[in-house]
Amino acid sequence: MPENNSYDAHARACSDDDLWGQVKRTVNGKPLPDAQIAMIINRVSTQLALDKSDTLLDLCCGNGALSTQWFRQCTQGVGVDASPHLIEIANTRFAGDGRDRYIVSEALSYLLSTPENAGFTKAVCYGSLQYFSRERAGALLSALRENLPTLQRVMIGNIPDRDRAALFFNSDRADNVDLDSPLSPIGVWYSARAFSEMAEASGWQCEISMMPAEFHASHYRFDALLSPMERASQ
């Protein structure tokens, strides 16, 4: 997630073994069941078409509990997160033989300082982009396109759907909730159209899709799969 002291403090308040609680991968305060986690893992793997030729970048990777599942399908993986505590857990539990790396950095800062020859072929940011302001989210998508020219696909997952906010709040309360604050519990809500327009302005083709109905958040979230637009000839 983006730089946020409360995010790191929350992770530190959880037990060392509460991997899903540390990254708020929960429903009503309880960790997601294994079947729900498997849906997330399979969804990203399928959307990105991960294989052994890939080098995967996971932005806002948290403690690496999801990242490691995707990295196993690739040649190499790099996870980036602003929380020193979560990156310490990721390196302790999942770095293994050193093939994969977990780095403490705010996501946009990392992208702006990463050399173009980093060699990433795929990237994922799951359940976190909404905790950036709209301006920084747009800047992050632009930095992915401009600074990492070898990217073939990018998965932005679990985005709160502004057009379906009332389904989450179970009433018209959505009219009285700030849907534009990255500091709110769910972050910034986007319509599929608005998100697609932001992605396209950053140089990406955008394909919107929904998780299966049995996924706990399918009624108010969507996923976005990005692929690079053709650059205009000079």
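1. Phe168 is partly exposed in this predicted model, its relative accessible area being 28%. That value is not under 20%, so Phe168 does not count as buried. Tyr220, at 8% relative accessibility, does count as buried.

2. By the ring-pair rule there are 8 aromatic pairs. One of them joins Phe168 and Tyr220, with ring centres 4.5 Å apart and planes at 45°, so this pair is tilted. Phe168 belongs to helix α8, whereas Tyr220 sits in the loop between β8 (204-209) and β9 (221-228). The pair therefore ties together parts that are 52 residues apart in sequence. Phe168 and Tyr220 also belong to one aromatic cluster with Phe169 and Trp189.

3. Both Phe195 and Phe222 are buried. Their rings form an edge-to-face pair, 6.3 Å centre to centre with 75° between the planes. Because Phe195 lies in helix α9 (residues 192-201) and Phe222 in strand β9, this pair ties together parts 27 residues apart in sequence.

4. The largest nonpolar core has 40 residues, and Leu48, Leu56, Trp70, Tyr102, Val124 and Tyr126 are the ones that touch the most other members. Two or more residues each come from α1 (5-13), α2 (19-22), α3 (34-48), α4 (67-71), α5 (84-94), β6 (122-126) and α8 (165-169). Helix α3 gives the most, with 6 residues. Apart from this core lies another, of 34 residues, including Leu57, Ala107, Tyr110 and Cys206.

5. Leaving aside neighbours within four places in sequence, Leu56 is in contact with Leu48, Leu50, Trp70, Phe71, Cys74, Gln76, Gly77, Val78, Phe120, Lys122, Ala123 and Val124. Thr55 lies in strand β3 (residues 55-59) and is buried, with a relative accessible area of 14%.

6. The side chain of Gln36 reaches the backbone nitrogen of His216 at 2.8 Å. Beyond four places in sequence, Gln36 is in contact with Glu214, Phe215 and His216.

7. Strands β4 (residues 76-81) and β5 (residues 101-104) pair in the parallel sense over 4 bridges. Within this pairing, Gly79 stands opposite Tyr102 in β5. Together with α5, the two strands make a right-handed β-α-β unit.

How values were computed:
Residues are numbered from 1 along each chain as its sequence is written. This is a predicted model: local features need pLDDT of at least 70, side-chain atom pairs count only at pLDDT 80 or more; totals for chains, interfaces and linings use all residues. Side-chain values use heavy atoms; hydrogens and water are left out. A nonpolar core is a set of buried Ala, Val, Leu, Ile, Met, Phe, Trp, Tyr and Cys residues joined through side-chain atoms within 4.5 Å. Buried means under 20% relative accessible area, exposed over 50%, partly exposed in between (1.4 Å probe, protein chains only). Contact means heavy atoms within 4.5 Å. A polar contact is a pair of N or O atoms within 3.5 Å; within protein, one must be able to donate a hydrogen and the other to accept it, and residues adjacent in sequence count only if both atoms are side-chain atoms. Two strands pair if DSSP finds at least two bridges between them. A crossover is right-handed if, with the strands pointing away from the viewer, the path from the first strand over the helix to the second runs clockwise. Rings of Phe, Tyr and Trp (its six-membered ring) pair if their centres lie within 6.5 Å; planes under 30 degrees apart count as stacked, over 60 as edge-to-face and the rest as tilted.
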